[in-house]
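Visitor: I am new to this structure and would like a friendly tour. Could you show it to me and take my questions one at a time?

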Amino acid sequence: MAAAGGGGRSCFVLGASGETGRALLRELLARRAFARVTLIGRRRLSLGEAEAAVEQAVVDFEQLGEYAAAFQGHDVGFCCLGTTRAKAGADGFVRVDRDYVVQAAELARSGGCKHFVLQSSQGANAQSRFLYLRVKGEVENLVQAIGFDHCTILRPGVLLCKRQESRPTEWIAQQFFGAMACLFPTANSVPVATVARAMVACVLQPSEEKVKVLENKAIHELGKAVPQQGT
């Protein structure tokens, strides 16, 4: 069942099981920004009352080309897909954060998607000596080259949230940057809810630029410019 409203437009979300993806889904449904919202992932998600408002397409990312139909007919694609080197190993991290994302973007473009919104990372650089930042830079370049009418790349700093999945290193970073945020709120961290609002805002108010890169401070500004639901 599709969500009502949204002017008949359709979108899909990759990575809806992650922290940013969940926040993005809440934002999409609260704003009724799209008539049809499809979650594309490796398993169905239990969403409670929200389950009736979305469609879910279960795919095998190792055979993604066989699931081209899931990417057909969407106006906008949101990508929050990602893992960690600690969880997936170096090769697995590259496969998920670069290869899966690029193949999904290619299928989306072939399926008619006009605007692709990619969550990347602060410091992304294809020439970086650090694997994480290098892969994020590589995927940015590859997605841009696909040729969407609009491509928006968000480069958030440390994501401030309460993770369902335990990641000790990130927990320590969140404690530090959460404290620093009191002094320098837009420097190196950002709440996931702010990222989600910025992702939706950049689609509702698209830039005239074909490719738009939003650094951490710009994400804060755009996210705060959009009134929170219920306020």
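This is a predicted model: local features need pLDDT of at least 70, side-chain atom pairs count only at pLDDT 80 or more; totals for chains, interfaces and linings use all residues.

Visitor: Why do the buried residues of α6 line one face of the helix?

Guide: Helix α6 covers residues 216-225, and its buried residues are Asn216, Ile219, His220 and Gly223. Seen down the axis of α6, these buried residues line one face because they fall within an arc of 100°.

Visitor: Which exposed residues does the face of α6 turned away from its buried side carry?

Guide: Start from the buried side, where the cover includes β6 (150-154), β8 (189-191), α5 (192-204) and β9 (211-214). Turn to the face that points away from the buried side, and the exposed residues there are Lys217 and Ala225.

Visitor: What is the orientation of α1 and α5 to each other: parallel, perpendicular or oblique?

Guide: Helix α1 (residues 19-31) packs with α5 at an angle of about 50°, their axes 8 Å apart. In this pairing, Glu19, Thr20, Ala23, Leu24, Glu27, Leu28 and Arg31 of α1 meet residues of α5 including Val192, Ala196 and Val200. α1 passes α5 in a right-handed crossing. Given their angle, α1 and α5 are therefore oblique.

Visitor: Is Leu24 buried or exposed?

Guide: Leu24 is found in helix α1. Beyond its neighbours within four places in sequence, Leu24 is in contact with Val13, Phe78, Cys80, Ala196, Met199 and Val200. Its relative accessibility is 0%, and buried means under 20%, so Leu24 counts as buried.

Visitor: What is the C-alpha to C-alpha distance between Leu24 and Val13?

Guide: Val13 is one of the residues in contact with Leu24. The two are eleven residues apart in sequence, and in space their C-alpha atoms are apart by 8.5 Å.

Visitor: Where is Arg32, and does it count as buried, partly exposed or exposed?

Guide: Arg32 has its place in the loop between α1 and β2 (36-41). Arg32 has a positive phi of about 50°, although it is not a glycine. With a relative accessibility of 48%, Arg32 counts as partly exposed.

Visitor: How do α2 and α3 lie relative to each other: parallel, perpendicular or oblique?

Guide: Helix α2 spans residues 85-110 and helix α3 spans residues 131-144. Their axes come within 9 Å and cross at roughly 10°. Angles under 35 degrees count as roughly parallel, so α2 and α3 are roughly parallel.

Visitor: Which side chain makes a polar contact with the side chain of Ser10?

Guide: Ser10 lies in strand β1 (residues 10-14) and counts as buried, at 4% relative accessibility. Not counting residues up to four places away in sequence, Ser10 touches Phe34, Arg36, Gly73, His74, Asp75 and Val76. The polar contact, at 2.8 Å, is with the side chain of His74.

Visitor: And which side chain is joined to that of His115 by a polar contact?

Guide: His115 is found in strand β5 (residues 115-119) and is buried, with a relative accessible area of 6%. Among the residues in contact with His115 are Asp75, Cys151, Thr152 and Cys202. A polar contact of 2.8 Å joins the side chain of His115 to that of Thr152.

Visitor: To finish, what share of the residues of the chain count as buried?

Guide: The chain has six helices and nine strands. Among its contacts between residues at least 6 apart in sequence, 73% join residues at least 24 apart. Of the 231 residues of the chain, the share that count as buried is 45%.

Definitions and conventions. Residues are numbered from 1 along each chain as its sequence is written. Side-chain values use heavy atoms; hydrogens and water are left out. Buried means under 20% relative accessible area, exposed over 50%, partly exposed in between (1.4 Å probe, protein chains only). Helices (H or I, at least four residues) and strands (E, at least two) are DSSP runs, numbered from the N terminus. The arc is that of the directions from the helix axis to the C-beta atoms. Contact means heavy atoms within 4.5 Å. A polar contact is a pair of N or O atoms within 3.5 Å; within protein, one must be able to donate a hydrogen and the other to accept it, and residues adjacent in sequence count only if both atoms are side-chain atoms. Axes are lines fitted to C-alpha atoms, for helices over the stretch in contact, and angles run from 0 to 180 degrees between N-to-C directions. Angles under 35 degrees count as roughly parallel, over 145 as roughly antiparallel, 65 to 115 as roughly perpendicular and the rest as oblique. A crossing is left-handed if the near helix is turned anticlockwise from the far one by less than a right angle, and right-handed if clockwise.
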